[in-house]
Amino acid sequence: MGDGEDLWRVIHRVTAGIFVTCVPLALFVGLGADIWVRVAFGEEFASAAPSLRVLAIQVLLTYMASLTSLALIVIGRRWTVTMSSVLGLVANPLVGVTAILIFSRLLGPGGAGAGAAMGAIGAEAVVLGIQG
C-alpha cells in the first residue's frame, strides 16, 4: 500500500467526519436562525437572520476547501491551491455584489447581508470546484 492510498483513505475519513459534524450543525443554525439572532442580539437585529441562515452553509464549504487545499499541497499541486484561491478572491465580490442587488430587493431589510454572505459562499464554491 503506497503513501497515496493512505492519504486518500485519511481524506475520505476526514471528509465523512466533516459531513457528520457540519451538516447537522449547519441545519441547526440555519433552521433556527430567527431564534438564535433574537436570543443573542434582540429583536432589533432580527433582519440579520437571513445572513446567518446563508452563512450556516459556509462552515461545511470552508472545511472542505481547507481539507482539499491541504491534500493538494501534500501531493505537490501547490499552484492549483494558489489559482483556486485567487479565483475565489475574484468570485467573492462578483457573486456578492450581484447577490446583494438581488437579495436586497427580494428580502428587504437584511437582504443585503444575505447577499454578501452568498458572495462568501460563492468564493468557497469556486475554490472547491477548481480543487475538486
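1. Helices (H or I, at least four residues) and strands (E, at least two) are taken here as DSSP runs, numbered from the N terminus. The model is predicted, so local features need pLDDT of at least 70 and side-chain atom pairs count only at pLDDT 80 or more, whereas totals for chains, interfaces and linings use all residues. Residues are numbered from 1 along each chain as its sequence is written, and side-chain values use heavy atoms, with hydrogens and water left out.

2. Side chains of opposite charge can pair when their charged atoms come close.

3. Within helix α1 (residues 3–31), Arg9 and Asp6 lie 3 residues apart, about one turn of the helix, and they form a salt bridge whose closest N and O atoms are 2.7 Å apart. An α-helix has 3.6 residues a turn, so residues three or four places apart point the same way. Arg9 counts as partly exposed at 42% relative accessibility, and Asp6 likewise counts as partly exposed at 29%, where buried means under 20% relative accessible area, exposed over 50%, and partly exposed in between (1.4 Å probe, protein chains only).

4. A second salt bridge joins Arg53 to Asp34, with the closest N and O atoms 3.1 Å apart. Because Arg53 belongs to helix α3 (residues 49–74) and Asp34 to helix α2 (residues 33–41), this pair ties together parts that are 19 residues apart in sequence. Arg53 is partly exposed at 33% relative accessibility, as is Asp34 at 35%.

5. Arg38 forms a salt bridge with Glu43, the closest N and O atoms lying 2.9 Å apart. Here Arg38 is partly exposed, with a relative accessible area of 37%, whereas Glu43 is exposed at 53%.

6. The length of helix α4 (residues 78–107) can be checked against expectation: at 1.5 Å a residue its 30 residues should span 44 Å, and its end C-alpha atoms are 40 Å apart, which agrees; the expected span is 1.5 Å times one less than the number of residues. Just after α4, Gly108 takes a positive phi of about 70°.

7. Which residues of α4 are buried? They are Thr80, Val81, Ser84, Gly88, Ala91, Gly96 and Ala99, and what covers them includes α3 and α5 (111–131), with contact meaning heavy atoms within 4.5 Å.

Methods
Salt bridge = Lys/Arg side-chain N within 4 Å of Asp/Glu carboxyl O.
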